[in-house]
Amino acid sequence: MSVKMPEADQAILGRRAEIVKALRTIVPGEGVIDREHEMKPFESDGLTAYRQMPMVVVLPETTQQVAEILKYCHAEGIKVVPRGAGTSLSGGALPLADGVLLGMAKFNKIRDIDFDNRIAVVEPGVTNLAVSNAVAHAGFYYAPDPSSQIACTIGGNVAENSGGVHCLKYGMTTNNVLGCEIVLITGEVVRLGGKHLDSEGYDLLGLVVGSEGLLGVVTEVTVRILKKPETARAVLIGFPTSEQGGACVSKIIAAGIIPGGMEMMDKPAIHAVEEFVHAGYPLDVEALLIVELDGPAAEVDHLIARVETIARECGAVSCQASQSEAQRLLFWAGRKAAFPAAGRISPDYYCMDGTIPRAKLPLVLARMKELSEKYQLGVANVFHAGDGNLHPLILYDSNKPGELDRAEEFGADILRLCVEVGGVLTGEHGVGIEKRDLMPAMFSEIDLNAQQRVKCAFDAKGLLNPGKVFPQLHRCAELGRMHISGGQLPFPDLPRF
Ligand SMILES: Cc1cc2nc3c(=O)[nH]c(=O)nc-3n(C[C@H](O)[C@H](O)[C@H](O)COP(=O)(O)OP(=O)(O)OC[C@H]3O[C@@H](n4cnc5c(N)ncnc54)[C@H](O)[C@@H]3O)c2cc1C
């Protein structure tokens, strides 16, 4: 593993049998897994380049069990890695050799659906799509729609502040979550927010959403559900160059149109997807935009006409609006299958996630072409174009010596480029282990220490998901007294990883 993780605590590993026994008293039956072959499915998440067997896997079913597990681990100094469905693309759910992997998949019930207040209360192991399915009969849905929505859990979505193609208009997870129950590492159960729209005091809910499993374990989530728009239609727009596609995205937004979704793919991605899904994408273009307009039918027709005019002005060579709901879904099925489709053109791919100001898209695409030549690796691009959120898929073969290392360096250069042009390291996949060591490209030592002090307020012993997000681990006690002087790293003798 080229990413350095915290050293395994041999004293904890030496007590493994005793720890497993104690966990079995909290979660009886099949909820504790300690045999190597049974733990194998948990050794990795969606960032499959990195693997690590956990010390033990625990699958609790109740908040009480989670509270008891965390209380025990806190008292014994045992690390804990929360896990939903394990689809994270930044290694957030990568286990630790001396840690408990806390799988939340058994928290799979929808507790309450309240159409009057337009909310649903769900357990964190419920999949994203299951929420929409549960309310579809009444014409409602849950707006954030990661492409992994068939598998990823709401708990994971909260931890990563996940987004999807419809987040341009309807917001990310943070804009669609009203409340959470979380269990702190001490075993205390805390409720943040609720069915109401606003809460007094600090916005702790805002802090927990996107905290990547470092502040607490989410055991219940209250989400907004929305009424489905009366009409939704998607338009496929083909361009001879990616630069023209990028310019069109900016012009649509500048014209005051906020599409329900606005996605872009470059030629390698279009071809991979079309061969896989047969969505009807044009194959003779360099870039494809999918723009969805939603609302009352008359408004949608009007907006489609405006978008088509802007697209033609930007040099579009083809425009095709969906003529039925089945066709609209087919257009999106292609985009949603873009990552798996990359598996058809390359043995492995490394999915990056960075965000740039929309206007910088042409520049970034041109630089990415140069990087592709420098590292001698192909790249297929899919973007949440409206948000400026890039997902370059770097194509490599892990069986060829050195290709994974080159892919990692290529990816790091792309993320540095995002920061350089005024963007950010991550769009929606989180920092995890993947972007951990790049955090100083974005944040100063002072920024990072301030963020770690927040972590310390929740988890002073640093037991929840250590090794993720922060490039180096400070002990909270020392952090409280830390002063930065002349850019020198204080306490150089402290063990850091
Ligand atoms: C094919 C594919 C497409 C994807 N498309 C998108 C996309 O369009 N948009 C997007 O945003 N992401 C996307 N992702 C990434 C991923 O699906 C999301 O990050 C998702 O939210 C992870 O959910 P999960 O249940 O799999 O969480 P996991 O991978 O299990 O965990 C992710 C993080 O959440 C923490 N966590 C999980 N559950 C809890 C809990 N109950 N309490 C506290 N912490 C918890 C873990 O510790 C970890 O840090 C994609 C992934 C794949 C494989």
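Modeller: Domain bounds here come from an automatic or database domain assignment. The model is predicted, with local features needing pLDDT of at least 70 and side-chain atom pairs counting only at pLDDT 80 or more, while totals for chains, interfaces and linings use all residues. Residues are numbered from 1 along each chain as its sequence is written.

Domain 1 (10–103) and domain 2 (110–227) each give at least three residues to the shell around the ligand. In total, 36 residues surround the ligand (C-beta, placed from the backbone, within 6 Å), and the closest are Gly84, Gly92, Gly155, Gly156 and Gly213. Two or more shell residues come from each of strand E3 (79–83), helix H6 (154–160) and strand E10 (217–224), where helices (H or I, at least four residues) and strands (E, at least two) are DSSP runs numbered from the N terminus. H6 supplies the largest share, five residues.

Turning to strand E18 (residues 379–384), six of its six residues are buried (20 or more other C-beta atoms within 10 Å), so E18 is largely enclosed by the rest of the structure. Val379, Asn381 and Phe383 point one way from E18, whereas Ala380, Val382 and His384 point the other way. On pairing (at least two DSSP bridges), E18 runs antiparallel to strand E13 (residues 261–266) over two bridges, with Phe383 as the bridge partner of Met264. Strand E19 (residues 389–396) is also antiparallel to E18, joined to E18 by six bridges, and here Val379 stands opposite Ile394. E18 and E19 form a hairpin with four residues between them, and Gly388 in the turn has a positive phi of about 70°.

Terms used:
Buried ≥ 20, exposed ≤ 12 C-beta atoms within 10 Å, placed from the backbone.
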